[in-house]
Structure formats: C-alpha cells, structure tokens
Amino acid sequence: MKGVEYEDYPDLDTISQYPRFNHPLVNIKNLPALRNGRRILSELKDSCSRGYIDEFSALLIENLRSHYRPVSTRDAVNRMYATSDRSRKYDQDSLNKSYMMIFPEIKDALRSFIQNLTKSGCLVEAFARYQDNIITEVKAIIRHDLPMEGNSDLNNTLLVATVDSQGSSNTSEGETTLVKENKNITGDMDAKRGTLSGNIKTLSDSAFCDMMKSIFAHLSECLRRLTIHQKLLLDLSLTSLSTEQSQNIDVMSLDITAAINKAIEITQVRLVKVLNVRSEQLGDSSIKDYVKLFSLSSTYLSECESINPGFNASDAGRSLNEWVKNHVGYYLHRFHSNSVKALANICDKEKWREYTDGELLITQQTLDKIISYSDFVKTGEGFDGTEWTKSLLDIYEDGNLWSSKEIDTTENNPSTEPPTKIRIKSETFFIPHLIIRVINTTGDYVMLSKIFGTKASNIKQNLLTYFKVLNSRVSLAILNAGATRTAGLKHITTKHLALCIQTVDFLSVYCSNIQEIFRSVSDTNELSQDAPEQPTFNTALNHFKDHKSELTTKLVSIMHDRTLSHCSAIKETDLSKHVSPPQQCRKYMETLVKETLTVSKVIGKYLSPTDCSLIMSRIFDNYKKLLVNCYCAELPQLKDFNEKHSLLKDIDFFRVKLGEVDGYGNSGQVIWENVNSLPTVEDTAMEERMRLNIENERSSSVIEEDGNQNPIERKDEADSSRIKLEPDNPRQSSEAENSHGDLPGDEVRDRKEK
C-alpha cells in the first residue's frame with residue numbers, strides 16, 4: 001500500500017508480472033476504506049507464515065524420526081563404542097553412518113522453505129520453532145522406552161499431539177480438547193498400571209540395562225542427525241540470503257548448536273532421574289550387569305563430548321558424568337557389604353570337609369588367572385587382565401564375544417580329570433567349600449580394581465577388611481567357645497583342625513600373592529599406610545600366622561587332654577594283672593597309640609611335612625612330661641618286678657608302634673628309662689635287708705678283733721648281736737632264713753626269681 005519502486009522490488013522471480021509505471025508512488029495506507037482489508041491481509045499473512053513455519057519444522061522433525069527410529073540398537077551402540085574406543089581398530093565400513101546421508105529431495109524442499117521464509121520475514125521464527133521442537137523430541141525419546149503398558153501407538157499419538165499443541169501458538173479448540181482428553185486417558189492408565197518409578201523398579205537387571213541401551217542408542221542417533229541438520233540449515237540459509245538480507249538478520253540465530261547443547265543437557269538430567277529410581281537395585285546388581293551399564297553410560301558420555309566438546313561446562317551438562325562417578329563408589333561399597341554378609345553366612349554353614357567336586361576345576365582356572373595377573377603386575381609377564389576388561393567393558397557386538405570364548409575353553413576339555421586340591425604355583429592345598437566362594441569373591445575385587453583403577457585404593461581397603469572378617473569368622477567357627485554350635489558340628493575333631501590349618505596356610509599364600517597386585521596402590525597412598533586404623537597386607541598376614549599358631553595349639557591341647565584322660569586310666573589300672581594274649585599291651589596304651597597314629601595320619605594328609613613334624617614333636621613332648629609324671633610320681637610304688645615289667649611292656653608297645661612317626665624323637669626311650677629306674681617295694685625291702693646284713697658283717701668283724709683281747713667282752717657283744725637279729729615272729733624268721741644274707745644282692749634276686 002505504500003508502494004515499492006520498480007528497482008527496489010525484492011522478488012526477482014515475480015517482478016516480470018508487474019508493469020513499470022512512470023508515475024510517482026502514492027501512499028494509500030491510511031485510506032479509511034482499506035483499513036478492514038489491511039487487517040484481513042495481515043491475518044492472512046500471519047496464518048500463512050505460521051503454517052509455513054509448522055511445515056518447515058514438521059519436515060525436519062519427520063526427517064529426524066525417519067532416521068533414528070529404524071536404526072537398530074546394536075548398530076548404534078557399535079558405532080558409539082567404536083568411536084570412543086581407541087584400543088583396537090574397527091571395520092569402518094561395517095559401522096552404520098546413515099545419519100550423515102540426506103536425500104536430495106529433502107535438501108531441495110528445505111532450500112525452498114528457507115527462501116520463502118526469508119521472503120516472508122519469518123526465517124528466524126521458523127528456526128526458533130524447530131529448536132523448541134528438538135527439545136520436545138529428545139524428551140519423547142526417553143519417555144518412549146520407559147516401561148509403560150501400551151506405550152507404543154497410543155503414547156506416540158499423545159506425544160505427537162502434545163508436541164504439536166506446544167509447537168503451535170494458535171492451537172484450535174478441537175486440538176486442545178483432544179490433548180485434554182488424552183491427558184485424562186493417560187492419567188487413568190497410570191492409575192491402573194502403577195507409577196512409572198514402580199515399573200522401573202520391577203524390571204530385572206538385564207531388562208533395565210536393555211532399556212537404557214535403547215535410550216542411549218536412540219538419543220545418539222538423534223543428536224548425530226541434528227549435527228547434520230545444523231550444518232545443512234546453516235549452509236542453505238547463508239546461500240539463500242542476499243547481502244542486504246543477511247545484514248538485517250542475526251546469522252547466529254540460524255545456528256541450532258545451542259539447541260543441540262541444550263538437548264544434551266536435558267537428556268542427561270532426565271537420564272539421571274531414571275537412574276536414581278534404580279540406584280539401590282543397581283548397587284546390588286551383579287558385576288557383569290553393572291559394568292555393562294557403566295560402559296554404556298561412559299560410551300554415551302563420550303558420544304556427547306564428541307558432538308559438543310563443551311557440553312559439561314554447565315552443572316546440568318555434568319549431571320550424568322557426576323552420577324556415574326559417584327555411583328561407582330556406592331556400588332563398590334554395596335558390593336563389599338554384600339560380600340561380607342555372604343561370607344558370614346557361608347562360614348556359619350561350613351561343614352569343614354575337603355571339597356573335591358567339579359566346581360574345583362573352574363575355581364582353579366579363576367585362581368590361576370589371579371596368580372598370573374599378580375605375576376604380571378610384579379614382573380610384567382603373565383596374564384595382564386585384558387580378558388576381564390574386554391569381557392565386561394566391551395559392548396561392541398560382532399558375534400565373537402569374549403564370554404563365549406571362555407565357555408568354549410572349558411567345554412573343550414571334557415577329559416580333564418577333576419582335581420582334589422587347589423594349587424598356587426607349586427603348592428597344593430585341601431580346601432573346604434568356603435574357599436571356593438572366597439576365591440571367586442576376591443577375584444571380583446581384583447577385577448573391579450582393574451576396571452575402576454581410580455578406585456583401587458578403596459577396593460584394597462575393602463579387600464583387606466574382607467580378609468580380616470574371614471579370619472575372625474573361621475576362628476569363631478573352630479576356636480572360640482561354642483564353636484560346635486556356630487559351625488554346626490557335633491565335635492571339633494583333629495580332621496577339622498587340620499583342614500582349618502591348611503585353609504589358613506592357603507589364605508596366607510593367596511594373600512601374599514594378591515599383595516603384589518595392590519603394592520603400587522599402597523606406595524602411592526602413603527596417608528592410608530600411616531593411619532593405624534586402616535589394615536594392611538602385612539597385618540592380614542600376621543593375623544593368619546597367629547591364627548595358625550592358635551589352631552596348632554588347639555590341636556596339641558586336645559591331645560594333651562586325651563593324654564591326661566589316659567593317665568587317669570593308668571592310675572585306675574590293676575598292674576598286678578597280666579595282659580592276656582593276643583593283646584600286646586593294656587587298653588589305655590593301645591588307645592593312646594591308635595589316637596597318635598590317627599593324628600599323625602590326618603595332619604600328614606593335610607599339612608606339610610615340616611608342620612606335621614613340629615606338631616607331632618609337641619605332642620610327643622607332652623607324652624614325655626605327662627606319662628613320666630604319671631608313672632613316676634602319681635602311681636603308687638610298684639610292688640615287684642612283675643608290675644614294673646608290665647609297664648615296661650606297655651612302653652615297649654609305644655616305642656615299637658610310634659618310633660617311625662615324625663616328631664617321635666627320644667620320647668619312648670626317656671619314658672622307658674624313667675620307669676625302669678623306679679624301685680619297687682620288693683627292691684626297697686631287699687636293699688634294707690642288704691643294708692642290715694652289711695651292718696651285721698661289720699659288727700661281727702669288730703667283735704672278733706676285740707675277742708682276741710678280752711674274751712668276756714666278746715661273748716657279751718655276741719649275745720647282744722644275737723638278741724638284735726632275733727625276729728619278732730615266725731614269718732620274719734622264715735624271711736630271714738630265706739634272705740640268704742650271705743649272698744650279694746643280685747644273686748639273692750636271681751635265686752628268688754628261680
């Protein structure tokens with residue numbers, strides 16, 4: 001209505017439709033007759049502009065959906081992981097990079113839209129509308145994969161209706177009513193199927209991991225496609241704008257990078273909310289499931305950083321990264337807590353029998369990897385732990401998984417004879433079933449330290465605490481008061497103690513090998529070394545050493561108590577009764593020898609020759625002390641040679657049967673010599689008679705010498721001597737007659753025995 005000079009007409013395509021007038025322009029804008037027409041034209045222009053803007057945005061959103069929806073989760077995850085993992089080369093041709101391809105007809109349509117929006121002056125508004133719809137779309141992607149019943153078609157319709165209603169500033173009354181009705185329907189469905197958080201919590205660990213995997217894949221493909229849109233739209237806009245138009249438009253408003261960055265931040269905030277709902281359950285999940293989710297989250301974060309290197313500059317942009325880091329520490333805490341509880345439970349149920357079932361072979365393979373990894377850390381040669389990280393962290397699916405390789409290696413050796421002992425290098429050990437669980441759990445600690453290297457210090461302290469609890473629970477089961485009740489055993493036998501000593505020996509060797517894995521951690525963490533309240537590997541090894549000493553003392557004390565009971569039996573034995581054939585000794589000695597041989601056999605089976613010899617030497621030392629004290633101090637004096645001979649016969653049985661046992665030493669000889677040197681009642685009486693005879697002989701010789709000088713005095717002394725030797729009763733007289741006082745002591749004893 002103002003009029004435009006022919007030379008200033010902006011649209012060169014339609015200028016030919018207007019004739020050139022050689023008359024001056026007249027502004028008819030303010031004519032009253034044209035006011036209503038001006039209003040109608042303005043409304044028509046606005047309506048056309050909004051429709052055109054909506055079509056422009058719908059074309060881009062549809063192109064976005066047509067890309068990320070058909071792409072499979074597997075292809076998207078493989079592309080993300082291959083982009084973030086630099087440890088190995090991937091076949092780039094096999095990676096799905098369809099996000100980079102845009103058909104020519106789409107480009108032509110967008111070019112036409114941009115040109116017409118430029119003519120209408122709505123280009124900036126159209127770009128702003130599209131950026132708003134981007135945010136709505138990424139929110140819809142997250143919500144689409146959440147566990148909601150009937151989530152497919154109906155919810156997609158609801159989301160589209162909601163997006164369209166929010167995207168249009170002039171929504172019709174019918175559309176508004178549809179949105180309200182849909183919201184009511186959604187509310188009724190939520191009431192029937194429960195809350196969203198409840199549905200998330202009811203998922204299994206694998207189902208939740210698959211859900212997050214799908215969300216990450218769709219978001220990644222969407223964001224990657226948006227980067228292509230950003231470059232394409234900016235290029236088309238700059239080539240479509242004339243120099244004068246580009247001066248009137250803020251070119252930065254045509255760059256959707258800010259919308260992409262905002263989308264990244266919003267997705268991370270939304271994902272953190274979803275993960276928080278599942279936080280407790282994730283803390284109790286298996287290492288395989290948790291590390292897989294950790295790897296997916298880390299891969300998605302790397303993808304976001306690749307799309308926008310500065311995405312984590314804001315607090316919202318760091319939310320997922322911070323959550324992942326913090327939750328790793330929480331998971332390690334929960335893993336340790338659950339491991340200690342499980343340890344206490346299996347210690348209480350342990351029957352303390354050697355375990356020889358087929359699971360021992362698999363456990364041996366796990367143990368070999370741990371020991372080999374310890375050697376690698378120490379020397380640089382051996383198993384480097386790559387298999388752990390590959391099997392757990394590698395989420396690239398190419399049909400050649402590490403886990404399948406492990407299964408094949410175990411199944412391809414069906415002829416392998418199952419072992420009966422566990423082996424650490426050249427040492428072998430009998431172990432109870434408890435140690436099977438201990439090896440697997442401590443192996444998990446080592447794997448976690450390999451995967452989460454920044455948390456190695458915390459893992460080391462948790463592992464040392466685990467060993468401390470293990471040592472105390474084993475001690476409680478065997479050594480402490482009420483051990484039979486806590487361990488579920490009727491009696492604590494030598495076999496239980498020997499197996500327990502062997503278990504502690506294994507733990508000592510095993511702990512010293514694991515110490516090498518964490519030696520570098522202890523060197524760099526000097527504060528934790530100086531803190532007295534924190535355990536160290538040396539402390540753990542000392543505890544195991546003290547525990548072994550206590551078990552050995554317990555074993556020796558049991559035999560000490562048994563020896564005391566045998567001594568009581570000796571004191572109640574009638575030594576005057578002879579042992580009737582075919583018995584070779586009395587019952588107490590037969591039992592003592594049998595128990596000693598049993599103990600020697602049991603500890604010889606479970607313990608090393610050195611330990612066996614040391615324990616048996618302590619037992620035989622107790623035999624020397626207790627039996628010598630019983631025979632020589634506690635028994636009444638032996639009556640005669642027959643009683644002494646019967647005891648020496650028991651001791652000879654002890655010497656013959658136990659002489660070849662390790663630790664025997666000279667115990668039998670010492671006992672025999674002490675008993676043999678005991679004087680009997682008969683020997684004491686004989687010595688007394690001998691003493692009297694000697695005195696009489698001396699007296700007689702003195703009288704004879706004096707008689708030569710004074711016969712009268714010699715006669716009186718002789719009478720006096722006869723008076724002293726005269727027995728008080730006939731029995732003494734007969735004994736005196738049979739005493740053969742004129743013979744030496746040995747001849748008297750020989751004649752009496754004859």
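Guide: On a 1 Å grid over the protein atoms alone, a cavity is a set of points where a 1.4 Å probe fits but cannot get out, and lining residues have an atom within 4 Å of a point. The model is predicted: local features need pLDDT of at least 70, side-chain atom pairs count only at pLDDT 80 or more, and totals for chains, interfaces and linings use all residues. Residues are numbered from 1 along each chain as its sequence is written, and side-chain values use heavy atoms, without hydrogens and water.

Visitor: Which elements give two or more residues to the lining of the largest cavity?

Guide: The largest cavity has a volume of about 70 Å³, a volume being the space filled by probe spheres set on grid points joined across faces, edges and corners. Its lining consists of Leu 275, Tyr 290, Leu 293, Phe 294, Ser 297, Trp 323, Val 324, His 327 and Val 328. The elements that give two or more residues, with helices taken as DSSP runs (H or I, at least four residues) numbered from the N terminus, are helix H12 (287-307) and helix H13 (319-349).

Visitor: How many charged residues are in the lining of the second largest cavity?

Guide: This cavity, of about 40 Å³, is lined by Asp 205, Phe 208, Cys 209, Leu 282, Ser 285, Asp 289, Tyr 290 and Leu 293. Ala, Val, Leu, Ile, Met, Phe, Trp, Tyr, Cys and Pro count as nonpolar, Asp, Glu, Lys and Arg as charged, and the others, Gly among them, as polar. By class there are five nonpolar residues, one polar, and, as charged residues, two.

Visitor: Against which helices do the buried residues of H24 pack?

Guide: Helix H24 covers residues 587-606. Its buried residues (under 20% relative accessible area, 1.4 Å probe, protein chains only) include Tyr 588, Leu 592 and Ile 603. With contact meaning heavy atoms within 4.5 Å, they pack against helices H20 (494-517), H23 (537-571), H25 (609-634) and H26 (641-658).

Visitor: How many residues apart are Arg 79 and Glu 303?

Guide: A salt bridge is a side-chain nitrogen of Lys or Arg within 4 Å of a carboxyl oxygen of Asp or Glu. Arg 79 and Glu 303 form one, with their closest N and O atoms 2.9 Å apart, and both residues are buried. Arg 79 lies in helix H2 (residues 73-84) and Glu 303 in helix H12, so the pair links distant parts of the chain, and the separation is 224 residues.

Notes: Expected span 1.5 Å × (residues − 1). Buried < 20%, exposed > 50% of the residue type's maximum accessible area, 1.4 Å probe, protein only. 1 Å grid on protein atoms, 1.4 Å probe; cavity = no way out; pocket = protein on both sides within 12 Å on 5 of 7 lines; lining within 4 Å.
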